[in-house]
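Thanks for making time this morning.

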Amino acid sequence: MGKSTVQYFIIALIISMAFAYLMGWNQNGENHEEDAMRVAGENRQEAELIEPEFEGIQLKRWTQDHTSYQIVVNIPMFGIEEIDNFFEEDAEQRVEHFIALIEHNGRVSESHPGVFYLTTDLYQSGEDLFSVVQSEETYTGGANFDQKSYVYLVDLKAEEFVDQSDLFDHPFAAQERFFELVEEGLRESEYYADYILEDELQKWLSQDEYDFSNVFIRNKNLVVKFDKYEVTSGVAGMPEIEVDLDEMKEFMNEEWIERIEAIEETSEEYFL
């Protein structure tokens, strides 16, 4: 075998090995996803339907216990197919991602189990208008739990989700005033003032186009829900800052104001 032939053989061998490695890596990635989907359906208990004090609305709860992790999921069911399917499919995807993550990193065990909790707070925000506030708490190994929140407005009249920015006739003008009130609420809060992360708060306040996607409505207040570490240190959890509706009326759509004010301030709330 000549010198050039040996060189070509070695190059071909290296390319073949690299190709085989990449194919194996991709296959393992696919297997992680397939395994997560399979495991997500194992050991799951029968779903429980809970009736809150809202006619026609249910809360669906299911759990899954494994030797190295626990899953508890609570989602709202409005009896509207498209909306109910969204909450169910969204929860399934989050669970599958959690399982794939702990299967991949291998940092949980029977003595240090992983955790996935998805809780739902439900508020009647106006006439046929509900706020859904979901909190996700996960532990996949390491020192801390991760916490995230997801906020939705559901319009039962139109049978659809409401884009929070549509509450305002002038969302860009509303942003400046809203930010002023939120910052004031944070700095004056007895719970959060000592834990503000100045750099993170200023980053949040410097947004050019805020979409109000972390805002819900409770007791005729606009409430902004922050994620853990978004503007405060971890000890503060996920802060909620209330802004009086009256402070924002000049920017808001009249129809939404009427629907929000059509209900009593003490209307029911439900937590699960």
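In this predicted model, the largest nonpolar core holds 34 residues, and those that touch the most other members are F168, F178, W204, L222, V224, M248 and M252. At least two residues of this core come from each of helix 3, helix 4, strand 8 (215-218), strand 9, strand 10 (240-244) and helix 5 (254-261), with helix 3 giving the most, 6 residues. Apart from this core lies another, of 26 residues, which includes M77, I102, F130 and V132.

Let me stay for a moment with W204, which, leaving aside residues up to four places away in sequence, touches F179, V182, Y210, N214, V224, F226, E230 and V231. W204 belongs to helix 4 (residues 198-205), where the buried residues are L201, W204 and L205. Why do they lie on the same side of helix 4? Because they cover an arc of only 95 degrees around the axis. Those buried residues pack against helix 3 (171-188) and strand 9 (221-225), whereas the face turned away from them carries the exposed residues D199 and K203.

Turning now to the pockets, the largest one has a volume of about 200 Å³, and its lining consists of R94, H97, F98, L101, F116, E136, T138, T140, D146, K148 and Y150.

How values were computed
Residues are numbered from 1 along each chain as its sequence is written. This is a predicted model: local features need pLDDT of at least 70, side-chain atom pairs count only at pLDDT 80 or more; totals for chains, interfaces and linings use all residues. Side-chain values use heavy atoms; hydrogens and water are left out. Buried means under 20% relative accessible area, exposed over 50%, partly exposed in between (1.4 Å probe, protein chains only). Helices (H or I, at least four residues) and strands (E, at least two) are DSSP runs, numbered from the N terminus. The arc is that of the directions from the helix axis to the C-beta atoms. Contact means heavy atoms within 4.5 Å. On a 1 Å grid over the protein atoms alone, a cavity is a set of points where a 1.4 Å probe fits but cannot get out, and a pocket is an open set with protein on both sides within 12 Å along at least five of seven lines; lining residues have an atom within 4 Å of a point. Grid points are joined across faces, edges and corners, and a volume is the space filled by probe spheres set on the points. A nonpolar core is a set of buried Ala, Val, Leu, Ile, Met, Phe, Trp, Tyr and Cys residues joined through side-chain atoms within 4.5 Å.
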